[in-house]
Amino acid sequence: MDLALIGSLVVLALIDSTSFGTLLIPIWMMLAPGRLRPSRLLVFLATVAACYLVLGVVLLVGAAALLEEVRPVLETTPFRVAQLVVGIGLLGLGLVVGRKRGSGAPQPGRLLRWRERAMSGRESTSALVGLAMAAVTLEATTMLPYLAAIGLLGASALTLPASVAVLAGYCVVMVLPALVLLAARLVAAGLVQPVLAAVNRWMVRNAAETTGWIVGIIGFLLARDAANHLELFAALSRVT
(Lines give C-alpha, C1' and ligand atoms only; values in the text may rest on other atoms or scores of the structure.)
Protein backbone atom coordinates (compact mmCIF):
# COMPACT_ATOMS: atom_id res chain seq x y z
CA MET A 1 0.00 0.00 0.00
CA ASP A 2 1.54 3.30 -1.10
CA LEU A 3 1.91 6.35 1.12
CA ALA A 4 -0.50 8.40 -0.97
CA LEU A 5 -3.30 5.91 -0.30
CA ILE A 6 -2.48 5.79 3.41
CA GLY A 7 -2.46 9.58 3.62
CA SER A 8 -5.79 9.87 1.80
CA LEU A 9 -7.41 7.28 4.07
CA VAL A 10 -6.11 8.97 7.22
CA VAL A 11 -7.46 12.34 6.06
CA LEU A 12 -10.84 10.82 5.21
CA ALA A 13 -10.98 8.98 8.56
CA LEU A 14 -10.24 12.19 10.45
CA ILE A 15 -12.98 13.96 8.48
CA ASP A 16 -15.34 11.11 9.38
CA SER A 17 -14.33 11.51 13.02
CA THR A 18 -16.05 14.91 13.09
CA SER A 19 -19.44 13.57 12.02
CA PHE A 20 -22.75 13.49 13.86
CA GLY A 21 -22.33 9.99 15.31
CA THR A 22 -18.58 9.94 15.90
CA LEU A 23 -18.10 13.31 17.60
CA LEU A 24 -21.21 15.43 18.09
CA ILE A 25 -23.27 12.82 19.96
CA PRO A 26 -20.27 11.72 22.09
CA ILE A 27 -19.66 15.36 23.03
CA TRP A 28 -23.32 15.75 23.93
CA MET A 29 -23.03 12.64 26.07
CA MET A 30 -19.99 14.02 27.86
CA LEU A 31 -21.88 17.26 28.49
CA ALA A 32 -24.85 15.45 30.05
CA PRO A 33 -25.69 16.57 33.62
CA GLY A 34 -24.59 14.33 36.46
CA ARG A 35 -21.78 11.84 36.80
CA LEU A 36 -20.07 10.81 33.59
CA ARG A 37 -20.42 7.11 32.80
CA PRO A 38 -17.50 6.33 30.46
CA SER A 39 -18.52 2.69 29.96
CA ARG A 40 -21.74 3.78 28.28
CA LEU A 41 -19.94 6.13 25.94
CA LEU A 42 -17.46 3.35 25.09
CA VAL A 43 -20.36 1.04 24.23
CA PHE A 44 -21.79 3.73 21.97
CA LEU A 45 -18.49 4.35 20.15
CA ALA A 46 -17.75 0.63 19.79
CA THR A 47 -21.18 0.10 18.25
CA VAL A 48 -20.73 3.00 15.84
CA ALA A 49 -17.32 1.67 14.73
CA ALA A 50 -18.66 -1.89 14.37
CA CYS A 51 -21.66 -0.73 12.30
CA TYR A 52 -19.40 1.27 10.00
CA LEU A 53 -17.07 -1.71 9.63
CA VAL A 54 -19.88 -4.14 8.78
CA LEU A 55 -21.33 -1.71 6.26
CA GLY A 56 -17.90 -1.13 4.78
CA VAL A 57 -17.17 -4.85 4.40
CA VAL A 58 -20.51 -5.36 2.63
CA LEU A 59 -19.73 -2.51 0.25
CA LEU A 60 -16.18 -3.73 -0.28
CA VAL A 61 -17.33 -7.24 -1.19
CA GLY A 62 -19.81 -5.80 -3.65
CA ALA A 63 -17.21 -3.41 -5.01
CA ALA A 64 -14.67 -6.24 -5.43
CA ALA A 65 -17.12 -8.23 -7.55
CA LEU A 66 -18.04 -5.19 -9.60
CA LEU A 67 -14.47 -3.98 -10.06
CA GLU A 68 -13.42 -7.25 -11.67
CA GLU A 69 -15.75 -6.33 -14.51
CA VAL A 70 -15.12 -2.61 -14.74
CA ARG A 71 -11.43 -2.35 -13.73
CA PRO A 72 -10.24 -2.09 -17.37
CA VAL A 73 -12.54 0.91 -17.81
CA LEU A 74 -11.36 2.50 -14.56
CA GLU A 75 -7.78 2.45 -15.78
CA THR A 76 -8.51 4.25 -19.03
CA THR A 77 -7.50 7.84 -19.64
CA PRO A 78 -11.08 9.05 -20.34
CA PHE A 79 -12.26 7.73 -16.96
CA ARG A 80 -9.35 9.37 -15.13
CA VAL A 81 -10.07 12.64 -16.91
CA ALA A 82 -13.73 12.37 -15.86
CA GLN A 83 -12.58 11.67 -12.28
CA LEU A 84 -10.36 14.74 -12.40
CA VAL A 85 -13.26 16.90 -13.61
CA VAL A 86 -15.59 15.53 -10.89
CA GLY A 87 -12.94 16.13 -8.24
CA ILE A 88 -12.41 19.73 -9.34
CA GLY A 89 -16.18 20.20 -9.46
CA LEU A 90 -16.60 18.90 -5.90
CA LEU A 91 -13.76 21.15 -4.74
CA GLY A 92 -15.53 24.17 -6.23
CA LEU A 93 -18.87 23.06 -4.78
CA GLY A 94 -17.27 22.73 -1.35
CA LEU A 95 -16.03 26.31 -1.55
CA VAL A 96 -19.53 27.55 -2.43
CA VAL A 97 -21.29 25.51 0.25
CA GLY A 98 -18.68 26.47 2.82
CA ARG A 99 -19.62 30.13 2.50
CA LYS A 100 -23.14 29.49 3.81
CA ARG A 101 -23.51 30.07 7.51
CA GLY A 102 -25.54 27.86 9.75
CA SER A 103 -28.78 29.15 11.23
CA GLY A 104 -27.64 28.60 14.81
CA ALA A 105 -30.60 26.34 15.44
CA PRO A 106 -30.84 24.80 18.91
CA GLN A 107 -29.97 21.19 19.54
CA PRO A 108 -32.80 18.77 18.73
CA GLY A 109 -34.84 18.15 21.89
CA ARG A 110 -35.48 14.49 21.13
CA LEU A 111 -31.75 13.81 20.79
CA LEU A 112 -31.05 15.59 24.07
CA ARG A 113 -33.63 13.42 25.81
CA TRP A 114 -31.97 10.32 24.34
CA ARG A 115 -28.65 11.57 25.64
CA GLU A 116 -29.93 12.09 29.16
CA ARG A 117 -31.50 8.63 29.29
CA ALA A 118 -28.44 6.99 27.73
CA MET A 119 -25.94 8.54 30.13
CA SER A 120 -28.10 8.33 33.25
CA GLY A 121 -28.05 4.54 33.25
CA ARG A 122 -31.83 4.29 33.26
CA GLU A 123 -31.75 2.79 29.78
CA SER A 124 -30.38 -0.70 29.10
CA THR A 125 -27.22 -1.31 27.10
CA SER A 126 -29.35 -2.54 24.21
CA ALA A 127 -31.07 0.87 24.09
CA LEU A 128 -27.66 2.55 23.95
CA VAL A 129 -26.64 0.24 21.11
CA GLY A 130 -29.88 1.14 19.38
CA LEU A 131 -29.03 4.84 19.66
CA ALA A 132 -25.63 4.20 18.06
CA MET A 133 -27.20 2.21 15.22
CA ALA A 134 -29.79 4.95 14.71
CA ALA A 135 -26.99 7.53 14.45
CA VAL A 136 -25.19 5.45 11.81
CA THR A 137 -28.46 4.93 9.91
CA LEU A 138 -29.13 8.68 9.88
CA GLU A 139 -25.65 9.26 8.46
CA ALA A 140 -25.86 6.49 5.86
CA THR A 141 -26.96 8.83 3.08
CA THR A 142 -24.32 11.47 3.82
CA MET A 143 -21.21 9.42 4.66
CA LEU A 144 -19.27 10.83 1.72
CA PRO A 145 -15.78 10.44 3.26
CA TYR A 146 -16.45 6.78 4.12
CA LEU A 147 -17.75 6.01 0.65
CA ALA A 148 -14.74 7.76 -0.86
CA ALA A 149 -12.43 5.65 1.34
CA ILE A 150 -14.17 2.45 0.26
CA GLY A 151 -13.84 3.55 -3.35
CA LEU A 152 -10.09 4.12 -2.93
CA LEU A 153 -9.66 0.74 -1.23
CA GLY A 154 -11.71 -1.03 -3.88
CA ALA A 155 -9.67 0.51 -6.67
CA SER A 156 -6.35 -0.33 -4.97
CA ALA A 157 -4.31 -3.48 -5.50
CA LEU A 158 -4.95 -4.72 -1.95
CA THR A 159 -6.53 -8.12 -1.40
CA LEU A 160 -9.96 -8.24 0.22
CA PRO A 161 -8.62 -9.40 3.65
CA ALA A 162 -6.02 -6.62 3.60
CA SER A 163 -8.68 -4.07 2.62
CA VAL A 164 -10.90 -5.22 5.51
CA ALA A 165 -7.96 -4.89 7.93
CA VAL A 166 -7.25 -1.36 6.67
CA LEU A 167 -10.95 -0.54 6.94
CA ALA A 168 -10.95 -1.72 10.57
CA GLY A 169 -8.06 0.66 11.26
CA TYR A 170 -10.02 3.41 9.51
CA CYS A 171 -12.96 2.84 11.86
CA VAL A 172 -10.66 3.04 14.88
CA VAL A 173 -9.28 6.37 13.68
CA MET A 174 -12.88 7.57 13.20
CA VAL A 175 -13.66 7.23 16.91
CA LEU A 176 -10.17 8.10 18.16
CA PRO A 177 -10.80 11.88 18.67
CA ALA A 178 -13.89 11.10 20.76
CA LEU A 179 -11.85 8.65 22.85
CA VAL A 180 -9.13 11.27 23.35
CA LEU A 181 -11.75 13.80 24.48
CA LEU A 182 -13.25 11.21 26.83
CA ALA A 183 -9.84 10.53 28.39
CA ALA A 184 -9.23 14.27 28.77
CA ARG A 185 -12.69 14.72 30.28
CA LEU A 186 -11.96 12.03 32.87
CA VAL A 187 -8.53 13.45 33.76
CA ALA A 188 -9.27 17.18 33.71
CA ALA A 189 -13.02 17.73 33.69
CA GLY A 190 -12.85 21.36 34.79
CA LEU A 191 -10.53 22.32 31.94
CA VAL A 192 -12.11 20.17 29.23
CA GLN A 193 -15.79 20.86 29.91
CA PRO A 194 -15.73 24.45 28.50
CA VAL A 195 -13.81 23.22 25.45
CA LEU A 196 -16.41 20.51 24.80
CA ALA A 197 -19.21 23.04 25.10
CA ALA A 198 -17.44 25.41 22.69
CA VAL A 199 -16.82 22.63 20.13
CA ASN A 200 -20.44 21.56 20.42
CA ARG A 201 -21.70 25.11 19.76
CA TRP A 202 -19.33 25.56 16.83
CA MET A 203 -20.35 22.30 15.15
CA VAL A 204 -24.06 23.08 15.48
CA ARG A 205 -23.63 26.68 14.29
CA ASN A 206 -21.32 25.90 11.36
CA ALA A 207 -22.93 22.74 9.98
CA ALA A 208 -23.07 24.11 6.42
CA GLU A 209 -19.46 25.31 6.53
CA THR A 210 -18.30 21.91 7.83
CA THR A 211 -20.18 20.15 5.02
CA GLY A 212 -18.49 22.43 2.52
CA TRP A 213 -15.05 21.53 3.86
CA ILE A 214 -15.88 17.82 3.65
CA VAL A 215 -17.08 18.04 0.05
CA GLY A 216 -14.09 20.17 -0.92
CA ILE A 217 -11.51 17.84 0.65
CA ILE A 218 -13.09 14.79 -1.03
CA GLY A 219 -12.97 16.64 -4.33
CA PHE A 220 -9.30 17.47 -3.80
CA LEU A 221 -8.44 13.84 -2.99
CA LEU A 222 -10.29 12.55 -6.06
CA ALA A 223 -8.62 15.14 -8.30
CA ARG A 224 -5.18 14.38 -6.86
CA ASP A 225 -5.67 10.63 -7.37
CA ALA A 226 -6.70 11.20 -10.99
CA ALA A 227 -3.79 13.59 -11.57
CA ASN A 228 -1.36 10.98 -10.21
CA HIS A 229 -2.70 8.30 -12.55
CA LEU A 230 -2.61 10.72 -15.48
CA GLU A 231 0.96 11.66 -14.47
CA LEU A 232 0.08 15.34 -14.64
CA PHE A 233 2.46 16.26 -11.84
CA ALA A 234 5.34 14.50 -13.61
CA ALA A 235 4.50 16.27 -16.86
CA LEU A 236 4.32 19.62 -15.05
CA SER A 237 7.72 19.06 -13.45
CA ARG A 238 9.24 18.29 -16.84
CA VAL A 239 7.79 21.49 -18.29
CA THR A 240 9.11 23.60 -15.42
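Buried here means under 20% relative accessible area. The views below are taken from a predicted model.

**Figure 1. Helix H2 is largely enclosed by the rest of the structure.** Helix H2 spans residues 20-30, and ten of its eleven residues are buried, so the helix is largely enclosed. The buried positions are Gly21, Thr22, Leu23, Leu24, Ile25, Pro26, Ile27, Trp28, Met29 and Met30. For the protein as a whole, buried residues make up 36% of the 240 residues.

**Figure 2. The fold contains eleven helices and zero strands.** Read from the N terminus, the order of elements is α-α-α-α-α-α-α-α-α-α-α. Contacts between residues at least 6 apart in sequence were also sorted by separation: 84% of them join residues at least 24 apart.

**Figure 3. Tyr52 and Tyr146 form an edge-to-face aromatic pair.** Two aromatic pairs are counted in the model. In the pair of Tyr52 and Tyr146, the ring centres are 5.0 Å apart and the planes make an angle of 85°. Angles over 60 degrees count as edge-to-face, which is why this pair is given that label. The pair links distant parts of the chain, with Tyr52 in helix H3 (residues 38-74) and Tyr146 in helix H7 (residues 144-155), 94 residues apart. Tyr52 has 1% relative accessibility and therefore counts as buried. Tyr146 is buried too, with a relative accessible area of 0%.

**Figure 4. Tyr146 also forms a tilted aromatic pair with Tyr170.** Here the distance is 5.5 Å centre to centre, with 50° between the planes. Tyr146 lies in helix H7 and Tyr170 in helix H8 (residues 160-187), so the pair ties together parts that are 24 residues apart in sequence. Both Tyr146 and Tyr170 are buried. Tyr52, Tyr146 and Tyr170 form one aromatic cluster.

Figure 5. Two packed helices are described by the angle between their axes and the distance between the axes. For helix H1 (residues 3-16) and H8, the axes come within 8 Å and cross at roughly 40°. On the H1 side, the contact is made by Leu9, Leu12, Ala13, Leu14 and Asp16. On the H8 side, Val166, Tyr170, Val173 and Met174 take part. By class, the contact of H1 with H8 has eight nonpolar, no polar and one charged residues.

**Figure 6. Arg185 is a buried residue of helix H8.** Arg185 has a relative accessible area of 11%. That value is under 20%, so Arg185 counts as buried. Leaving out residues up to four places away in sequence, Arg185 touches Met30, Leu36, Val192, Gln193 and Leu196. Met30 is one of the buried residues of H2. Arg185 and Leu31 are 154 residues apart in sequence, while their C-alpha atoms are 9.7 Å apart in space.

Conventions. Residues numbered from 1 in each chain as written. Predicted model: local features only at pLDDT ≥ 70, side-chain atom pairs only at ≥ 80, totals over all residues. Heavy atoms only, no water. Phe/Tyr/Trp six-rings, centres within 6.5 Å; stacked < 30°, edge-to-face > 60°. Helix = DSSP H or I, 4+ residues; strand = E, 2+ residues; numbered from the N terminus. Buried < 20%, exposed > 50% of the residue type's maximum accessible area, 1.4 Å probe, protein only. Axes fitted to C-alpha atoms, helices over the stretch in contact; angles between N-to-C directions. Contact = heavy atoms within 4.5 Å. Nonpolar A, V, L, I, M, F, W, Y, C, P; charged D, E, K, R; others polar.
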